[in-house]
Amino acid sequence: MSIVKKMFLIAFLIAMVVHADDDAAWDTVQNILMNTQDIVVLDGTEKVSLRYDEGGEAAYGDWMVRHMLSDPQALNPYTSSDAGASTVLQHIFDTLLYSDHEPPYELRGKVAKGYPQISEDKLSYTFDLRENIFFSDGRPMTVEDVLFSMKVIKNPRVLAPHLRNYYSAVIDVFVEDDGRVTFVCDEPYFRNDVSLGFFEIIPKHFYDPEGLLDPVAISSLIDGSWETGPHRERVERFADQFNQDFNRKVLGSGPYQVDDVERDVVTQQKVVLTRNIDYWAAGYDDLPPSGHVDKIVFKIINNTDAAFIELTNGNIDYHSLRPLEFKEKSWSEEFNKRFLKGIQYSGGYTYIGWNNDHPIFKDKRVRQAMTHLTDRQSMVENLLFGLAETVEGPISKFRPEYNHDLTPYGYDYERALDLLDAAGWVDVDDDGILDKEIDGEKVDFSFELLINSGNQIRKDIALTLQSELADIGIECQVRELDWSIFLQRVKSKDFDAMVLGWSSGVKYAPDMYQIWHSSQAADQGSNAISFIHAEADSLLEAYRREFDAEKRIALYKRFQEILYDEQPYTFLWKSRVAQAYSRRFAGVNWYPAGADVAEWWVDQEDRIYK
């Protein structure tokens, strides 16, 4: 036997042994995961404690390098709405309140001294600010900055409809020189404490250096009188500048900052945050840790395979493993020596969104048929290796509002054909494509399905559906776009269908208004699919005014029944996500909503970046 053949045989035998070891590891892990829906932390294949118990004192130093699939939409805290931007901006800005990591997730004071004073009628919320709060440029924060921040949110020309809907009840804001600010509402909203407690406070001197909004009463922005008042030009000029000029420039009062925009924010490469060594909250014992690493580096890699290679090469510290990576590539001795894994269900869900205003998808029978033609369970088993659970609506199954009475839409070829036939879709001209006369013209059942580049799972979803639809005479063209272009197409409603996901938390009762109310279908709101339904609107509105938790649950169960019947989305699944993170980090604790990286630190001897 030649040397080459011997080497090939040895390599083959080693690969077979490694593959067998990986299979054995996966079997062990599957057994662990099948027996719990809770968060699991794995050291190799061994389940270990969710809490750090090795002692030591938290210290500043080293970097944390994280993977990000695409550039944040923008670093503007109010106009951006994507998950990437939110992940970055949470380190740069402060809010009035913060919440505990454990149920019942009590709200506590951050910029504010404590929980607000709430009037009996639940129409006014008064916060007292702490003293000696500073933005990262050293300028002090005052109640005027809080008032200015709400003015910006309420400015209808600012491109933040997704954000404004949470403050629709606010009709005025009063500030006092002693650091007191009161928000006045015209109707109760059961989540006002959360909404008012968690908007990012931005510095007036940075975002409005000309003082354009200074003479503008917030009440005029709310009631619309600014349009006929003396400050219309100021309001419009401010909004235009705010929308355009602050997608990269950013300044907050949080623990991290962008030191140099040109150096630290590089398209398709990185976003680098540097710890503010003068962070105002560092000396407060009643506040949680704000971050110990000197830099947080978001490394932007559009290709997930390349990102995994960077992880294994030691160039990424914290990374979400794709199901295939988790199952087949993360059990080697070398990988386990360098990384632990935290596994939890994501708070959000993946879906196929149908443009409900599109001639083909206006008919709910067509949308129902598309869901019956999407073999969700097979995708979970074959694309995600069981690391997901199909869902029938937008609310987390771990929340009491989830409607468990909805029978899952099964893969049903014959039922889909019946629905399409009832909706008038038949192959009249015998060309292999279903067609229908719409507004006097023959229309082929042909549509474009958008996905964002670099996300292999979404691409696999699209290609699987494309193949399935071709068999019954539906032409689905899959279009892969860069994230920024994809997102703009979605926001502008310039699509037939798309694959996307929503992230959400499980801490607080959900509010679906932003995504599903008909008002949010305008002005690039989050209801990009143009779902319009009168009863759904009334339920969403009544839910927001209801303070009785049981009554809210009943309202949302009915709301989910409407979505189940209308199928504006094909709801796919909530995933189980495995996060690989470097063993050099100490202080890692996993809570019901995930880990808090602000708690993590690196001992002196384990540091890589000096």
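I count a salt bridge when a side-chain nitrogen of Lys or Arg lies within 4 Å of a carboxyl oxygen of Asp or Glu. I am working on a predicted model, where local features need pLDDT of at least 70, side-chain atom pairs count only at pLDDT 80 or more, and totals for chains, interfaces and linings use all residues. I number residues from 1 along each chain as its sequence is written, and side-chain values use heavy atoms, with hydrogens and water left out.

**Entry: salt bridges**

I get 38 salt bridges by this rule. I looked up Glu392 and found Arg376 as its partner, with the closest N and O atoms 2.7 Å apart. The two sit 16 residues apart: Glu392 is in the loop between strand E17 (388-390) and helix H15 (413-422), and Arg376 is in helix H14 (residues 376-382). Helices (H or I, at least four residues) and strands (E, at least two) are DSSP runs, numbered from the N terminus.

Next I checked exposure, calling a residue buried under 20% relative accessible area, exposed over 50% and partly exposed in between (1.4 Å probe, protein chains only). Glu392 is buried at 6%, and Arg376 is buried at 4%.

Glu480 and Lys459 also form a salt bridge, with 3.5 Å between the closest N and O atoms. Glu480 belongs to strand E21 (residues 475-481) and Lys459 to helix H16 (residues 456-470), so this pair ties together parts 21 residues apart in sequence. Here I read 36% for Glu480, partly exposed, and 28% for Lys459, also partly exposed.

I noted one network too: shared partners join Arg157, Arg232, Glu236 and Asp240.

**Entry: strand E16**

I then turned to E16 (residues 349-354), where six of six residues are buried. Tyr349, Tyr351 and Gly353 point one way, while Thr350, Ile352 and Trp354 point the other. I take two strands as paired if DSSP finds at least two bridges between them. E16 runs antiparallel to E22 (residues 497-502), joined by six bridges, and Trp354 stands opposite Ala497 there. With E23 (residues 569-582), E16 pairs antiparallel over four bridges, and Ile352 has Thr570 as its bridge partner.

**Entry: helix H19**

Which residues of H19 are buried? I found Ala536, Asp537, Leu539, Leu540, Tyr543 and Arg544.
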